[in-house]
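Visitor: I'm new to this one. Could you show me how to read it, feature by feature?

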Amino acid sequence: MGSVAEEQVASAAKRVSMDVQRISVEMQRKKSQEGLDDDEEGDKKTVDFVQAPKDGLTTAEAEELIKKWGKNELIEKTTPKWLIFLRLLTGPMPIMLWIASLIELIIGNYADMAILLVIQFTNAGISFYETTKAGDAVAALKASLKPRATCKRNGQWQDIDATLLVPGDLVLLAAGSAVPADCY
């Protein structure tokens, strides 16, 4: 049964490689992250695809491709916690509270000004706690759901971390599987 799957994968890889010889890929990465020189067309890079080896890539080839292309993962943008808190103090409702506090300061009603400031910072503190707690929960969920992929390395099908996939890997897909990498 395994040989039938291997034959199907090999024939699919052959058909894809015959249909697609050259594909232009738009890569939008920051220069500092990719470490590649720009060509005349800016960030447009051309990638030549060749037929993947029947036995898959070797570990050494995969390591070289990881060095060249990087890991198969999206870089996450993280917002500093102090900026999250600052943004909670600059929304429409907080601005109205700042204006009301300033008016209370100008007319000399310090008790009401203090109450408005306490409301302002209490609301921002509670919102900050909820926001960071939700963000931490999402981060923990992402960490527990590491994607795995079945690819052919060194002539054998192996279950590896999907972030270690590189261009040229043969990936085994089944009905309903999530595709662990970009396909061209």
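Predicted model: local features only at pLDDT ≥ 70, side-chain atom pairs only at ≥ 80, totals over all residues.

Visitor: How many helices and strands are in the protein chain?

Guide: Six helices and five strands. Read from the N terminus, the order is α-β-α-β-α-α-α-α-β-β-β.

Visitor: What share of the residues is buried?

Guide: Buried means under 20% relative accessible area, exposed means over 50%, and partly exposed is in between (1.4 Å probe, protein chains only). Here, buried residues make up 20% of the 184 residues in the protein chain.

Visitor: How many aromatic pairs are there?

Guide: The idea is that rings of Phe, Tyr and Trp (its six-membered ring) pair if their centres lie within 6.5 Å; planes under 30 degrees apart are stacked, over 60 edge-to-face, and the rest tilted. That gives two aromatic pairs. One of them is Phe-85 with Phe-128, edge-to-face at 5.8 Å centre to centre and 90 degrees between the planes. Phe-85 sits in helix H4 (residues 81–88) and Phe-128 in helix H6 (residues 110–144), so this pair ties together parts 43 residues apart in sequence. Phe-85 is partly exposed at 28% relative accessibility, and Phe-128 is partly exposed at 22%.

Visitor: And what about Trp-98 and Phe-121: how are their rings placed?

Guide: Their centres are 5.8 Å apart and their planes at 80 degrees, so that pair is edge-to-face. Trp-98 belongs to helix H5 (residues 92–106) and Phe-121 to helix H6, so the pair links parts 23 residues apart in sequence. Trp-98 is partly exposed, with a relative accessible area of 32%; for Phe-121, also partly exposed, the value is 39%.

Visitor: Which element gives the largest share of the nonpolar patch?

Guide: Patches are made of residues with over 30% relative accessible area and no salt bridge; like charges are joined within 9 Å, nonpolar side chains (Val, Leu, Ile, Met, Phe, Trp, Tyr) within 5 Å. A salt bridge is a side-chain nitrogen of Lys or Arg within 4 Å of a carboxyl oxygen of Asp or Glu. In this patch, H5 gives the largest share, seven residues. Among the patch members are Trp-98, Ile-103 and Phe-121. Ile-103 is found in helix H5 and is partly exposed at 44% relative accessible area.

How values were computed. Residues numbered from 1 in each chain as written. Heavy atoms only, no water. Helix = DSSP H or I, 4+ residues; strand = E, 2+ residues; numbered from the N terminus. Areas by Shrake-Rupley, 256 points an atom, 1.4 Å probe, with all protein chains shown as cover.
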